[in-house]
Amino acid sequence: MGSGLLGIAVRLARAPPRFRRPLIRNVVDAGLAINSGLLGSTKAEMAHLGWHCACSCSGSSCECLLGSQPLIPIRESCFVFLALLDNEMRADERDEFVDWKGRKASSEVHGGIRAASLTCVAEVLENLVFLSCATNFVAYFKISMHYPTAVAANMVTNFMATSSLLTILAGFLADSFLTGFTTFIFSCVVELLGLIILTIQLHSKSLQPPNHRTPNKYHAAVLYFGLYVMAAGVGGIRASLQTHGADQIDRGNQRLVAAYFNWYFFSSCTGNLVASTVMIWVEENLGWRWSFKILIATLSLALAVFVSGLRLYRYKLPRGRAFTRIFKVDELGARNRKASSAEICRRFDVDSEGITCAANGRLPKKYKFLDKAMADDTVSTTEVEETRAFIGLIPIFASTILMNCCLAQLQTFSVEQGAFMDRTIHNFTIPTQSLMVLPLTIMLVWIPIYERFCGGLRDKPRARSGRISEPLPRIGVGLALASGSMAIAAAVEVKRRRAAANDGVALSVFWLEWQYLLLGVSDILTLSGMLEFFYSRAPGSMRSACTALAWCSKSMGYFLSSALVSAINSATGRLGREWLGGNDLNRQRLDLYYALLCVLNFLNFLNYIFWAKRY
């Protein structure tokens, strides 16, 4: 076996570069044993790709397990193959990047921490703009556009859902046709256009509805056009900015990649903090005219900061239509469902000149139906593994949707709760949205402390790590906190209604701090975990699209919130009175709605544990 593997390594070394990578993947995917003395960098790369192995050696031969499958004993010639595999992976990582003139990027000149930091600065400014609108649009739609509370709340959730849903489309374009840099520039200009349209409408009386009357079709058309043009720009920015920043970091250094996502989220929280304090005060005291002008200037500055790194960035070349390849693999897998694994193994024995399948003649068990696609000559192992990696992310993505449904309440019903509560401290009125300050401050303090004292935990082997430093445990804690926050929110709403009904007293708005704190921390843990998890586990040709799944989960959650409110009002209306109907919160049953979300989230948390353990 040793000489056979050495022969494979020699043939791989002589193969043209465009054939070498698929052949290497065929060797590894077929389940050849991995020597326990493999290079540390190769081991980390293989663990990152999900190729976990355990070996016991005696003399010059080793017997290994890849997952739970016994593999063929091999000899020292495996070192030749592993060295070749390591070099090829690193060469592939380098070759996919170019500089701003289209030349091969240099690691000494292009990319690195300095280039990545510019994307963090741009995130501070862009997130400030988006959240300054999203967190207070309910008040804008009610006061300036005269929409009812339920309609205004649904408009906000639909706006935020659309902006997140469009990240998938923008991610597909960034991966397939454009670069992350180009996608960000185009999307930032589009978001600016949407803000300008909303500003023009606010300054023109002919484009606004008369006092105490809802907008007519013309007014609504202008509002919705500006709103969703802005949402399209936000979607493109979310799909491209953090991926472009992460691409500046050497992907072989997982500790540095994880640190980037933590600091990127620190930047996001910084923008959120300014939006929840300074901009909320501007909107409630100086008005939306001043707010829109400030936001246009801020977004223009974000664009200028990002473009200033033109010569520093390294640009990832698009790799064609990844989703088309995935659909092709799924279709051929279904069409060839009767093909046996032995036939597929025999095909690769011939095509790969002696490269063999696992000792038991079987293919990997995870999503085994995809292997049937390899019976067709037009499908490579790389395409199947790309599809397998993407499909493996779907259960994790789906398990986070309901948590984002809870998060939607902070921009809608929680804001309305605050309007019915005592918000004054020494003649100063506290905006309800500013209750996010505490969880944001906690995270802004925690992230630098974590990076300073706990960042070294990432150097430990992943197989031994179930710590909060890992993405999946972080997401799980976030989901658990979401369920707890809804239980507390229901209890607080019961207390608020009783105080208003029995004593005629407005409860202090600080009672809402617990649900803001738990949901804020939940969002931070879940979103940061998803961004890192989806980026690090994504196929190389789909990193923008896969990272966009984190934002798409938000989208689905906000759409689900709107659908759930409409369904609950429809069902309870038939029983006599809508839970969430009208503008008087004291006559609604928001407490029952929160209790329902608590139960649903707990069941969803159990579902997440099931899938996370099997990833």
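**Figure 1. Overall view of the protein chain in the predicted model.** Among the contacts in the protein chain with a separation of 6 or more, 80% are between residues 24 or more positions apart, where contact means heavy atoms within 4.5 Å. This is a predicted model, in which local features need pLDDT of at least 70 and side-chain atom pairs count only at pLDDT 80 or more, while totals for chains, interfaces and linings use all residues. Residues are numbered from 1 along each chain as its sequence is written, and side-chain values use heavy atoms, with hydrogens and water left out. The secondary structure comes to 21 helices and seven strands, both taken as DSSP runs numbered from the N terminus (helices H or I, at least four residues; strands E, at least two). Of the 615 residues in the protein chain, 56% are buried, a term that stands for under 20% relative accessible area, with exposed meaning over 50% and partly exposed in between (1.4 Å probe, protein chains only). The chain exposes about 25,700 Å², of which carbon and sulfur atoms supply 62%; accessible areas come from the Shrake-Rupley method with a 1.4 Å probe, and for residues only the protein chains shown count as cover.

**Figure 2. The nonpolar cores and the surroundings of Phe141.** A nonpolar core is a set of buried Ala, Val, Leu, Ile, Met, Phe, Trp, Tyr and Cys residues joined through side-chain atoms within 4.5 Å. The largest such core holds 129 residues, and the members that touch the most others are Phe137, Tyr140, Phe141, Leu195, Phe292, Tyr593 and Tyr594. Helix H5 (residues 113-134) gives this core its largest share, twelve residues. Another core, of eight residues, lies apart from it and includes Val329, Leu332, Ala373 and Val379. When residues up to four places away in sequence are not counted, Phe141 touches His146, Tyr147, Ala152, Met155, Val156, Leu223 and Leu227.

Figure 3. A search of the whole structure finds zero disulfides, a disulfide being a pair of cysteine sulfur atoms within 2.5 Å.

**Figure 4. Helix H14, residues 381-399.** The end C-alpha atoms of helix H14 are 29 Å apart, which agrees with the 27 Å that its 19 residues should span at 1.5 Å a residue; the expected span is 1.5 Å times one less than the number of residues. Because 15 of the 19 residues of H14 are buried, this helix is largely enclosed by the rest of the structure.

**Figure 5. Gln208 in the loop between helices H8 and H9.** Gln208 sits in the loop that links helix H8 (180-203) to helix H9 (217-246), and it is buried, with a relative accessible area of 19%. A polar atom of its side chain lies 2.6 Å from the backbone oxygen of Leu202, and the side chain of Gln208 also reaches the backbone oxygen of Ser204 at 3.4 Å. Both pairs are polar contacts (N or O atoms within 3.5 Å; within protein, one must be able to donate a hydrogen and the other to accept it, and residues adjacent in sequence count only if both atoms are side-chain atoms). Leaving aside neighbours within four places in sequence, Gln208 is in contact with Gln201, Leu202, His203 and His219.

Figure 6. At 1.5 Å a residue, the 30 residues of H9 should span 44 Å, and the end C-alpha atoms are 44 Å apart, which agrees. At the start of H9, a side-chain oxygen of Asn216 comes to within 3.0 Å of the backbone nitrogen of Tyr218. Gln242, which is found in helix H9, is buried with a relative accessible area of 0%, and its side chain is joined to that of Tyr264 by a polar contact of 3.5 Å. Although Gln242 and Ala548 are 306 residues apart in sequence, their C-alpha atoms are 9.7 Å apart in space.

**Figure 7. Leu512 and Glu532.** Leu512 lies in the loop between helix H18 (471-503) and helix H19 (513-537) and is buried, with a relative accessible area of 0%. Glu532, in helix H19, counts as buried at 7% relative accessibility, and its side chain makes a polar contact of 3.0 Å with the side chain of Arg474.
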